[in-house]
Amino acid sequence: MTGVFSQRRYQMLATAWAAWFVNYLDRTKTAALLPLIIVSLNMNTHQTGQVLFWFFLGYACVQPFAGFFTDLIGPKKMLAVTIGAFSVFTWTMAFVGDWQQLALRNLLFGIAQGFEVTAGSRLSATWFPVSMRGRAFAIHQTAYAIGPILVPFIAVPIAQWTGSWRWSFMVMSFFGLPVLWAIDKFITDRPERDPRITRQELNYIFGEEELQAKHGNVLDPARAHRPDELPPGERLTPYHEIFLNRNVALMFVAGFFTLLANWGLTTWLPTYGVQQLKLPLLIAGTLSSVAYLGTLCGVILGGLLSDLTLKTKRTPVWLIGNLLVVVAIGYASTFRQGVPLALAYATFFAAGFATSWTTTGTLFAPYLSEILTPGAVGRSLGVVVLGSMLGSAVAQPLVASMVVQTPNGPDFHRAFLMFAACGVVGFCCCAALLEPCVRRTYLGYLLSGGREGTWQPPSPMQAA
Amino acid sequence: MATAVAHASSVIMALAAPVARMRGAGPQDPVQDFGSLWGFAVALNVINTLIVLYFLVKMWRQKEGPAPLK
């Protein structure tokens, strides 16, 4: 273990993980404390919805800029700015006196948090070789599943012990400070610019040949004119290749539908449990926790499967994941009052597992770095996340409009069928994605009996 | 990425919860809520912000360049 953590890439990954974990602890603590905040600030349902919506709006709006700034100023500074900003906005939220103040601070908090995913993703893509990227990014992504599981056990006890939810905000605003220290100590934007890295580790990350060929100082692959102007591991990637890219566009659409299904499902699960399955509130709440547990397992297994079994192919994992979404959520649409609890848990575990095997759950950073270049992950991911956030935005009103009132209470089966349909759209988008390993779509590769295609990146990796 | 806003179940549970004064809810006015610890809370926030600014300025001044290999 000591050997692993003496490697600079693992120190970087552990720091990026901690940043992503604190980000999720911080964003989910507001929801965990909502029962107390609603009572304290005398908020009604509409005002509560507004408070949550403004966070979401801030998060979505910054995505195109987040990617651009990450590539422009570098992931280290971007990560530090976002952690610093949301640490400060967290404590300002402890001083609100009404829901409008909370909504405004939630907007600023959302803007601050929105810059992190592109920075962390780009670091994982830059610091690991292709053969390890899937697993490395899977480790990074476990943070978003573990954070929501742990946050009720951190935020709520602090509030109850001190007698005020405001102290939870105060205490948690300090969680970002050790992460800032770790970013300062352990993160460097690029491996070859790190004074503490060894030649052996650089060889492992880039390969001897690539290291010999590239010594360039133009860090933005969109601004370089020749391959030898670039640092190792990068290739020329002009702006039009990033923003007019068929695969980025497909991921935008897939992200919209898969996060619509994911966010719609996990938001409404407890209500569905109470109103349709007639479960007690506490048991109904655990349906979401089980789905998050499935997500955690899915993220880890997805990375292992992609790197080891599929030899760094990414799109097959998403194809399987979207099919599982269709099956698991489609099956859940048949549940009625009296369904065995074990069956409900197993199905929603599978649904959580499946939603992690989509373009918004895992492997998106490795894929974008391989279809484009690691130096363009920030900008391309900004586009993809924007699509995903728009899907999240429409999920709530759409689900609400699809719930049918019956004599036995609300019926959610139409909403669940819509989530399953989102899985079908996600599958179609992923089927049309190029798989860089086989130079064509993965389904095309399978249907042609395993023949590789002719796709080539416009600029080869090696210098001429 | 995935569910990007909040732990969704808590939102619904919060809305479904009975509107009763629970331990941890506290008064609406933050000054009244912090009570005698108001000054301490403000001091903590000033310290938090100064530490954040220290790290941001420190990292902003760092220049990364090609490193000599070991």
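Q: What does the side chain of A:Asp98 reach at the start of α7(A)?
A: One of its side-chain oxygens comes to within 3.2 Å of the backbone nitrogen of A:Gln100. The model is predicted: local features need pLDDT of at least 70, side-chain atom pairs count only at pLDDT 80 or more, and totals for chains, interfaces and linings use all residues. Residues are numbered from 1 along each chain as its sequence is written, chains are lettered from A and ligands numbered from 1 in the order in which they are written, and side-chain values use heavy atoms, with hydrogens and water left out.

Q: How many residues does helix α7 of chain A have, and how far does it reach?
A: Helix α7 covers residues 99-113, which is 15 residues, and reaches 20 Å from first C-alpha to last. That is close to the 21 Å expected at 1.5 Å a residue, the expected span being 1.5 Å times one less than the number of residues. Helices (H or I, at least four residues) and strands (E, at least two) are DSSP runs, numbered from the N terminus.

Q: Which residues of α7(A) are buried?
A: Among them are A:Trp99, A:Leu102, A:Phe109 and A:Gln113. Buried means under 20% relative accessible area, exposed over 50%, and partly exposed in between (1.4 Å probe, protein chains only). The cover over the buried residues of α7(A) includes α2, α3, α4, α6 and α8 of chain A.

Q: And α19, how many of its residues are buried?
A: In helix α19 (residues 364-371) of chain A, 8 of 8 residues are buried. They include A:Pro366, A:Ser369 and A:Glu370.

Q: Switching to A:Asn322: where is it, and is it buried or exposed?
A: A:Asn322 sits in helix α17 (residues 315-332) of chain A and is buried, at 1% relative accessible area. A polar atom of the A:Asn322 side chain lies 2.9 Å from the backbone oxygen of A:Trp318.

Q: What is A:Asn322 in contact with, leaving aside neighbours within four places in sequence?
A: Its contacts (heavy atoms within 4.5 Å) include A:Thr258, A:Trp357, A:Phe427 and A:Cys430.

Q: How many salt bridges over all chains?
A: The search finds 17, a salt bridge being a side-chain nitrogen of Lys or Arg within 4 Å of a carboxyl oxygen of Asp or Glu. One of them pairs A:Lys29 with A:Asp26, with the closest N and O atoms 3.0 Å apart.

Q: Where do A:Lys29 and A:Asp26 sit in helix α2?
A: They are 3 residues apart in that helix of chain A, so about one helical turn separates them. A:Lys29 is buried at 0% relative accessible area, and A:Asp26 is buried at 2%.

Q: Now chain B. How much area do chain A and chain B bury between them?
A: About 6,200 Å², 68% of it on carbon and sulfur atoms. Buried area is the accessible area (1.4 Å probe) that two parts lose on being put together, summed over both. In chain A, A:Val39, A:Phe95 and A:Trp167 lose the most, together 10% of what that side buries.

Q: What is the salt bridge count between chain A and chain B?
A: There are 2. One of the partners named is B:Asp33, which pairs with A:Arg166 at 2.7 Å between the closest N and O atoms.

Technical notes: A polar contact is a pair of N or O atoms within 3.5 Å; within protein, one must be able to donate a hydrogen and the other to accept it, and residues adjacent in sequence count only if both atoms are side-chain atoms.
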